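Visitor: I have a structure open and would like to go through it piece by piece. Can we start with how the helices sit against each other?

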Amino acid sequence: MNVALPALIVFLLLLPGFIARSRFKRAERASLDFSPFGQIVTEAVLWSCVFHLLWLIASGVLFGRALQPAVLLKILSADPASQSRAVDAIATQFFWICAYFLSLYAGALIAPTAFRMLITRFRLDRFNAGWFAPLFRFHQAPWYYLLTGADFDEDNQPDFISVSAIVNVAGQAVLFIGILDDFFVDADGGLDRLILQQVMRRPLLADQRYDPADDDPTRFYGVEGDYFVLRYSEAITLNIEYIKLAKVETDEAVDEPGDGAQAIDAAAEIAG
């Protein structure tokens, strides 16, 4: 009895599901996936069933190839003779089976990535997008929604995201304010650093001496440089503000395209 062969076949059959699951989800974690083992296996099995169903339908419609359940059951059985006959049957269609699995793995790699891009593009994962939002939402990426404004619809999408952070500098609390350009997470999914532009700073002690009647521009100090890297581990507090620029409407009247033609016709009638 060859136990390793059925285990290898099961692994090859379920591998597309694990590939698709890893490509579809957006997670702020690169090292380990701490999802429950049962959840991981269930999602992988479901993804595998979907891809195998699609590939078998395409094989039957386009190439006239159909699944042979008897061969599959024999190779998964514990009987060495049945396994031997199944291996011989597979050997006669070796190149076709290789093409099936290679294309299946490629599809499991590309299709979920494209599906995730479509969800992000049309904002189907917004918390108020509809009844399907919990299904499409990337629950393991909270920093993504907070620092990109992905929960806003297209009309209310912020133009800028302002970040205010208090950092301990030489034993003194200093407030840094800037426009968020990018952010990075560490291997465990925690926020690692923020990339800011147009950064200004000031000590918090200035708030105690600040007089609202005295507009002192030196209260803030500009930080020289194109990009400012703020490590989240060094920030005491973090404030996020979404900035939407207001549209300026002009009161100037715009002539309709037909006005000029009507004026020319009237002038022609007078001249006639």
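Visitor: Which residues of H1 meet H2?
Guide: This is a predicted model, so read everything here as computed from it. In H1, the residues that meet H2 include Leu13, Leu14, Phe18, Arg21 and Phe24. On the H2 side, Ile40, Glu43, Trp47 and Phe51 are among them.

Visitor: At what angle do H1 and H2 pack?
Guide: The angle is about 110°, and the axes are 7 Å apart. That makes H1 roughly perpendicular to H2, because angles of 65 to 115 degrees count as such.

Visitor: You listed Arg21 and Glu43. What do their side chains form?
Guide: Arg21 and Glu43 form a salt bridge, with N to O at 2.4 Å. Arg21 belongs to helix H1 and Glu43 to helix H2, so the bridge ties together parts that are 22 residues apart in sequence.

Visitor: Is Arg21 buried or exposed?
Guide: Arg21 is buried, at 8% relative accessible area. Glu43 is partly exposed, at 27%.

Visitor: How many salt bridges does the structure hold?
Guide: It holds 4. Another one pairs Asp151 with Arg137, with the closest N and O atoms 2.8 Å apart. Asp151 is in the loop between helix H7 and strand E1, and Arg137 is in the loop between H6 and H7, so this pair ties together parts that are 14 residues apart in sequence.

Visitor: And which residues are joined into one network?
Guide: Asp192 and Arg193 form a salt bridge, the closest N and O atoms being 2.5 Å apart. Salt bridges with shared partners join Asp192, Arg193 and Arg231 into one network.

Visitor: Back to H2. Which residues form the nonpolar patch on the surface?
Guide: Leu53, Ile57, Val61, Leu62 and Phe63, with about 570 Å² of accessible area together. Ile57 is in helix H2, which covers residues 37-63. At 47% relative accessibility, Ile57 counts as partly exposed.

Visitor: Something else: what is the phi of Gln198?
Guide: Gln198 has a positive phi of about 50°, although it is not a glycine. Most residues other than glycine have a negative phi. Gln198 is in strand E3 and is exposed, with a relative accessible area of 67%. Arg123 also has a positive phi, of about 55°, and lies in the loop between helix H5 and helix H6.

Visitor: Last one. How many helices and strands are there?
Guide: There are 9 helices and 6 strands. Of the 272 residues, 28% count as buried.

Notes:
Residues numbered from 1 in each chain as written. Predicted model: local features only at pLDDT ≥ 70, side-chain atom pairs only at ≥ 80, totals over all residues. Heavy atoms only, no water. Helix = DSSP H or I, 4+ residues; strand = E, 2+ residues; numbered from the N terminus. Buried < 20%, exposed > 50% of the residue type's maximum accessible area, 1.4 Å probe, protein only. Patch = residues over 30% accessible without salt bridge, like charges linked within 9 Å, V, L, I, M, F, W, Y side chains within 5 Å. Areas by Shrake-Rupley, 256 points an atom, 1.4 Å probe, with all protein chains shown as cover. Axes fitted to C-alpha atoms, helices over the stretch in contact; angles between N-to-C directions. Parallel < 35°, antiparallel > 145°, perpendicular 65-115°, else oblique. Contact = heavy atoms within 4.5 Å.
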